[in-house]
Amino acid sequence: MSKTWLIFFLAIISFLAGTDEYIIAGILDKIAETNDMSVASAGQLITSFSISFGLLTPIVIVLTRKMDRKNLLMVALLIFSLSNFIVATFGDYVVMFSARITSGISAGLIEVTLLTIATSIAEPEKKGSAIATIITGFSMSLIVGVPLGRFLASLMDWRFIFIALSVLGILFLMLIYKLIPSMQGEEEKPLKEQLKILKNNRITFILIVTFFWMFSYSIVFSYISPYLLQVIKVSGNVVSIALLIYGLSSLVGSKLGGFSTDKYGAI
């Protein structure tokens, strides 16, 4: 397999990790109904994933920095698959909540490791494109994965979606074993050294803006399905269309932001 196709393959895995994060927002009402819980309680399954993805992933990355990147990706995919299988097969809230935590950590590990592998595989002049391809795969989950998940949940039990994610995780694990070469981990870099980047005021400002942007975006997106169904009172098919429009709007905004940054500057 050529390097280009190999990076596209990694982007598909990135799509899988992104789908696991976002898809639950599209079927929140169905999860709540099936497990006899409130929508707010079901929403905490999103919170547990997001917190572990954002806060625990960096810690685990530091702890596994010396581990072979190929092996790390395979372990992350295995945990990813087991976590999603547990979400699909256990109705106990505490078990599901815990599984979403491990799922968030594994998805974060997958994403970071994919970026590392992609830049190692790509030619020096194409490293930027390789990173963009992996991130695009993750972003496409919002455009395709979420509305598709909502549509499938209208045809079958939502649990089959998480079983499918679990099976695909194992499949990609086997393909990684065959297609990806072994890659040494990174050299140890003290946390104090890493935090020095925050002394740059522009970077700190951008991080703060990004935090509040994602904060507001996630609040709306997490509960958009039950809002449309219970308040606006639209059909499930309309919700799928709304989720698709939501994802496409995000893509258009990202592209417009990139174009504007190149033309007018970031700040």
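Predicted model: local features only at pLDDT ≥ 70, side-chain atom pairs only at ≥ 80, totals over all residues.
Begin by selecting helix 5, residues 93–121; helices here are DSSP runs of H or I with at least four residues, numbered from the N terminus. Its 29 residues reach 41 Å from the first C-alpha to the last, close to the 42 Å expected at 1.5 Å a residue, where the expected span is 1.5 Å times one less than the number of residues.

Residues are numbered from 1 along each chain as its sequence is written, and side-chain values use heavy atoms, with hydrogens and water left out.

Next, select Glu21 in helix 1. Glu21 is buried (under 20% relative accessible area, 1.4 Å probe, protein chains only) and has no salt bridge (a side-chain nitrogen of Lys or Arg within 4 Å of a carboxyl oxygen of Asp or Glu). Arg100, the nearest side chain of opposite charge, is 7.5 Å away. Beyond four places in sequence, Glu21 touches Phe49, Ser50, Phe53, Arg100 and Phe138, contact being heavy atoms within 4.5 Å.

Then display Ile176, whose contacts outside four places in sequence include Phe9, Leu10, Ile13 and Lys70.

Finish at Asp36, in the loop between helix 2 (28–34) and helix 3 (39–63). Asp36 is not a glycine, yet has a positive phi of about 55°. Asp36 is exposed, at 72% relative accessible area (exposed being over 50%).

Key: Helix = DSSP H or I, 4+ residues; strand = E, 2+ residues; numbered from the N terminus. Lys, Arg positive; Asp, Glu negative; His and termini not counted.
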